[in-house]
Amino acid sequence: MPLDPQAQSYLDQVAALNTPALHTLPPHVVRQGMKARLELLGAPESVARIENRTIPGPAGEIPLRLYWPERLGPLPILVFFHGGGWVIGDLDTHDVLCRSLTNGAACLVVSVDYRLAPEAKFPAAPQDCYAATVWVAAHAAELQGDAARIAVGGDSAGGNLAAVVSQMAQEQGGPPLVFQLLIYPATDFTADNAALSENGSGYGLTSDDMHWFGNHYLTTPAEGTHPLASPHLAAVVHDLPPALVITAEFDPLRDEGEAYGRRLQQAGVPVTISRYPGMIHGFLSLAAFMDQGRQGIAESCAALRAAFTAA
């Protein structure tokens with residue numbers, strides 16, 4: 001189907017700003033630009049409580065932001081990893097989305113501010129995200145959480161990290177996870193598919209941007225074949241947690257996200273692959289402008305609630 005009119009309107013507004021292409025700028029400038037445009041993400045929902053804290057990580061402290069819903073514990077937990085190509089994004093850029101997930105899934109959300117590239121290249125991000133997940137499991141009770149009901153999730157690069165952490169938890173003996181929420185995830189640095197060529201320009205995230213992110217994140221292209229970078233290339237994917245994979249029709253990451261979902265299905269993992277027609281990369285964070293963004297959040301919350309109930 002054609003591009004959704006709401007997505008087209010958003011792209012037109014971005015084009016009217018006439019800002020330089022992301023891939024032509026240094027990371028610190030792109031980060032500053034994201035900060036300046038946070039108000040475009042809409043008004044944040046109120047939650048019962050928010051707390052910022054830091055925890056020990058493999059290379060220093062890891063900042064977290066915790067969100068509690070209006071509900072008595074022990075609460076199910078979503079450990080959330082933000083998107084931004086492993087180079088940009090932080091706790092603030094995904095604050096609106098995390099609040100919506102907290103309320104909609106009635107769970108404690110722990111948003112992880114993992115180390116970014118190029119200051120900290122691969123595998124710093126997955127190491128931090130796994131360490132944070134282990135910490136959350138060990139401290140669940142004091143957070144009013146339930147260590148037996150922990151899910152991981154994220155969007156784009158964060159979806160990649162959620163998939164990777166799920167594999168790391170399986171390989172390293174825990175913590176046990178009940179679900180993985182993979183929102184338009186990057187899953188394969190070696191991918192060559194129709195979505196990359198069809199959607200590589202004109203829809204927000206471009207193929208040039210993707211190369212810019214990858215070049216900052218990876219020290220060498222060969223690192224892209226490592227399962228901690230490309231979870232689709234892992235030798236074994238059976239016995240992983242059930243998953244919801246959300247993709248967008250006009251997203252260059254569409255096909256690799258769906259391919260990973262199918263690979264999990266073929267290995268016997270319960271997976272729902274949900275493609276949103278007419279949508280672009282990042283549409284859940286644009287729910288203030290896009291009806292399907294709100295639908296994607298609702299689907300994510302329903303899947304989390306079902307997984308927590310089944311656990």
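**View 1. Helices H4 and H5 cross at roughly 60° in this predicted model, with axes that come within 9 Å.** H4 covers residues 124-138, and H5 runs over residues 157-171. The hand of this crossing is right-handed. If you want to pick out the side chains, H4 brings Ala-125, Pro-126, Cys-129, Tyr-130 and Thr-133. Facing them from H5 are Leu-161, Val-164, Val-165, Met-168 and Ala-169. Sorted by class, that contact comes to 9 nonpolar residues and 1 polar one, with no charged residues.

**View 2. Eight strands form an open sheet with mixed pairing.** Reading across, the order goes E1-E2-E4-E3-E5-E6-E7-E8. The edges belong to strand E1 (49-57) and strand E8 (271-280), each of which pairs on one side only. On average, neighbouring strands here are turned by 20° against each other, direction ignored.

**View 3. Strands E6 and E7 pair in the parallel sense.** Residues 179-183 make up E6 and residues 243-250 make up E7, and the pair is joined over 4 bridges. For a handy landmark, look for Leu-181, which stands opposite Leu-244 in E7.

Methods: Residues numbered from 1 in each chain as written. Predicted model: local features only at pLDDT ≥ 70, side-chain atom pairs only at ≥ 80, totals over all residues. Heavy atoms only, no water. Pairing = 2+ DSSP bridges. Helix = DSSP H or I, 4+ residues; strand = E, 2+ residues; numbered from the N terminus. Axes fitted to C-alpha atoms, helices over the stretch in contact; angles between N-to-C directions. Contact = heavy atoms within 4.5 Å. Left-handed = near helix turned anticlockwise from the far one by under 90°. Nonpolar A, V, L, I, M, F, W, Y, C, P; charged D, E, K, R; others polar.
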